[in-house]
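Please consult the sequence and the structure alongside the text.

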Amino acid sequence: MTLPQVPILPILPELILTLFGIAVMLFDPFTAKPHKSWLSSLAFIGVLAALAGNVLLLAAEGEYYNGMIIVDSFSVFFNFLFLIIAGLSILASRQYLVREGVNHSEYYGLLLFATVGMCFMGGANELIMIFIGLEITSISTYVLAGFRRTDLKSNEAAIKYFLLGSFATAFLLYGIALMYGATHTTHLSQISSALLTGRIDLRLVLAGTALMMVGFSFKVATAPFQIWTPDVYEGAPIPVTGWMSVGPKAAGFAAFLRVFFVALPALDQKWFWVLWVSSVLTMTIGNTAAMLQSNIKRMLAYSSIAHAGYILVAFAALTPNGIASIMFYLLAYSVMNLGAFAVISAWSLSGERRVTIDEFAGLGYRQPWLAAAFTVFLLGLTGIPLTAGFTGKFFMFRAAINSKLYWLTIIALLNSAASLYYYLRPTIAMYMREPGESGRTSAPQDSAPLQISMATKVVIAVSVLAVFYLGLFPSTILDFAQSSAFLVH
Amino acid sequence: MVPLNYFLILAAILFCLGVIGFVMKRNLITMFMSIELMLNSVNLTFVAFSRHINVLSGQIFVFFVMVIAAAEAAVGLAIIVAFYRNRESLNVDEVDRMKL
Amino acid sequence: MLRSYLPILIQIILASLIGFGILGLSYLVGKHKPTPEKLMPYESGVRPTGSAHERFAVKFYLTAMLFILFDVEVIFLYPWAVIYRELRFFGFFEMLTFILVVLAGYVYIWKKGALDWNKN
C-alpha cells in the first residue's frame, strides 16, 4: 500500500489561515466573554504564520493539483498583499468592535476565511478555482458588511452587497460555462491555446468573455457596475469598509488580470476598448460624485471607484509594465486606504457618529499626530509627490503612455487633479475650522480626550511609514512586481 | 438524443427569466430565488456541455456550484432575517436608509 | 427525435387513465353520505386551529439554513463513493479531512446553541 504524495506546500498560506480560522471559531464558544480578545491575537498570529509560510512558497514555483493552482511570483506577491491587509485590518478592528459592542470572534474567523479565498484567487490557474476563491471571499464579506446586525444601515449594506454580489457572480459563472463549452477546458493556458487553433465557436467565446467581464467589473467596482459601492461602503462597519475597499478589490484585480492576460490575449483588441471606455467612465463618475459627498465613508467609496478607474488605465496598456504598475499601485493604495480608515475609526464615536467631513473640524488641534497622519493618507490618495500614491500613479500612467494611450492618460491626469478638491476638504476642516463651526451641537462627552488603542496606533504608524517608503524607494517592490508580470504576460 | 442547442437555449431562457425576476420583483426572497434560478441555468449549461463533449469535469463543477449556492443561500437568508427583525418588512424599496 | 419521447407519452396516458378511472369508478359506483367528520382536512387527525398562513418563528429559518448546509455538503460523498475502491487509503484520508471540517462546523453550531430549540 502506497499513499500518494500530496504536496501541501503550494497552498500552505491558505491551509494555515484555514486552520487558524477554524480554531478561532471553535474556541469562541469555550471562551468566557472578558477573555475573547485573545482570539483576535490568535487570528493575528495566524496571519503571521501564513506570512512565514508564504516565504517558503518562493522556492516552490510551478503548477500543482492538475494545474488548478499555480505558484509563481505573481501569486506570492498577491499573497503577501492579502496577508498584510488582513494583519492590519485585524489590528485596526479590535478597538472598534469593542466600542460598538460587536466583539464576536466570528469577525476574525471570517476575515481569515475571506483571506483564504483571496489567496486562492491570486493563485488560481483555472476558472472554477477562481470562482470558488471569489465565493469564499464574497460570502465572508457579506456577513462582515452586516456585522452590526442591530443597525439598519449595516443590514442594508449586507443585503445590497449580497443581492448584487450574487447577481454578478451568476454572470461570471455563466461566462465560465460558455467558455468551457467553447474551449472544452477551464484551464487558463489551455483556453489560450484553444483560442489560437481557431477551430472554436467564436460567438460562445465572446459571450463568455463579456459575461466574465461583467462579473469582474462588479467585484472591482468599475463603471457601469459600481452602483452598489457607495451604499455598501457607507453602511458597513468602518474597519470592514477599509478592508473591503482594498482586499477583495485587489483579489478581484488579481484574478481579472490573470484571466485576461493568460487565457484571452488572443482577443485583446476586442476587450481593450471595453476597458478604455469603462476606465474613463469609472474615473469620471468616481471623482465627480466624491466631490458632492458629506459623509467621509461615502466620499472614500467614490474615491475607491475612481482609483479602480486609474488601475484600468494601466490595464488597458496591455503590457507587463502595466501589470507590474497595477500590482505596485494596489499595494500603495491598500496602505493609504487602510491608514485613512484607521484614522476615521479612531476619530468616530460609538454608533458610528462623527463621520461627516465637517465633523473633522478641530482634529488638527486636538490630535495633531492623528491629523498629520490623515493628511499624509489623503495627499497620498491624491498623488502628491514623495508619497506612494504619486509613484504608483506615475508608473501606471507611464505604462499607458508607452502604449500610446495619450488621451486616456490625459483624462486620468485631469481626474487626478480634480480629486485634489475633495481630498483637501477634510484637511481644511481639520486645520482651519473650529469644532462646532458646522452648526452641529456636540454632546459634552463627545469632546472627551480620544482613547486610541496601541494596535490602532501601530496600524497608522506602519501605514504612514509604508506610504513614504513606497513613495521614496519604490524600486525593490517594483522590480519584484515586474519579474512576476512577465510570467503572467 | 436531444441536440446541444436545445439545452443551451433552455438554459439561456432560464437565465434571462432569473435576470428579469431579479430586476422586476420587489420582494427580497423572490429576488434571491431569481438568483438561484440563474445559477441553476448555469448548472444546466455545464451539464449539457459536459455530455456533449464527453468530459466529466463539467458535472463536477456543478457539484461545486451547488454547494456554494447552498452556502450563499444560508448566508443570504440569515442576512434577510436580520433585516426583517429590524424592519419588519421584506420589501426591497424599504432598503433605503442610504439614498442620495 | 420526438420519437424517443413516445414511451413517456404512453406512460402519461396510461397513468392518467388509471388514476381518473379509479376515481371516476368510485364516484359512480360508491355511496355518498357526507358527515362533518369526513369533510375535515384530516379525518382522524389533529383538529386544525387557525389559518395556515401565519408567520413562522425565526427558529424555523435557522434550522432550515443549517439543514441546507449540512445536507448539501454531503453531495461530495457521491462521486467519492463511486470510485472509493480506486482511491484506496488516499481517498479515505481525503474524505476524513473533509468530514472533520464539517464536524468542526457542527461542534461550533452546537456549542453556540443553534440546535437548542428552547433557547431564544
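## Confidence of the model

Within chain C, confidence is lowest in helix α2 (residues 36-39) of chain C, with a mean of 76, and highest in helix α1 (residues 6-29) of chain C, with 93. These values are pLDDT, the predictor's confidence in each residue on a scale from 0 to 100. Chain C as a whole has a mean pLDDT of 85, and 96% of its residues reach 70 or more. For the complex, the predictor gives an ipTM of 0.95 and a pTM of 0.91.

This is a predicted model, in which local features need pLDDT of at least 70 and side-chain atom pairs count only at pLDDT 80 or more, while totals for chains, interfaces and linings use all residues. Residues are numbered from 1 along each chain as its sequence is written, and chains are lettered from A and ligands numbered from 1 in the order in which they are written.

## Chain A: form and local geometry

Chain A contains 19 helices and two strands; helices (H or I, at least four residues) and strands (E, at least two) are DSSP runs numbered from the N terminus. The C-alpha trace of chain A spans about 75 × 60 × 40 Å along its principal axes.

In the loop between α8 (202-220) and α9 (229-235) of chain A lies P224(A), which is joined to A223(A) by a cis peptide bond with omega of about 0 degrees. Y65(A) is placed in the loop between β1 (62-64) and β2 (69-71) of chain A; its phi is near 50 degrees, a positive value in a residue other than glycine.

## Interfaces of chain B

Contacts with chain A involve 31 residues of chain B and 30 residues of chain A, two residues being in contact if their C-beta atoms, placed from the backbone, lie within 7 Å. On the chain B side, α1 (4-24), α2 (28-53) and α3 (57-87) each supply at least two residues, and α3(B) gives the largest share, 15 residues. This side comprises 24 nonpolar, four polar and three charged residues. Ala, Val, Leu, Ile, Met, Phe, Trp, Tyr, Cys and Pro count as nonpolar, Asp, Glu, Lys and Arg as charged, and the others, Gly among them, as polar.

Towards chain C, eleven residues of chain B are in contact with ten residues of chain C. The chain B side here has eleven nonpolar, no polar and no charged residues.

## Helix packing

α3(B) and helix α3 (residues 58-73) of chain C pack at about 165 degrees with their axes 9 Å apart. Axes are lines fitted to C-alpha atoms, for helices over the stretch in contact, and angles run from 0 to 180 degrees between N-to-C directions. α3(B) is therefore roughly antiparallel to α3(C), a term for angles over 145 degrees. Residues making this contact include M66(B) and L77(B) of α3(B) and Y61(C) and E73(C) of α3(C). By class, the contact has 15 nonpolar, no polar and one charged residues.

Within chain A, the axes of helix α1 (residues 12-27) and helix α4 (residues 106-123) come within 8 Å and cross at roughly 160 degrees, so α1(A) is roughly antiparallel to α4(A). The contact of α1(A) with α4(A) has eleven nonpolar, four polar and two charged residues.

Notes
Angles under 35 degrees count as roughly parallel, over 145 as roughly antiparallel, 65 to 115 as roughly perpendicular and the rest as oblique.
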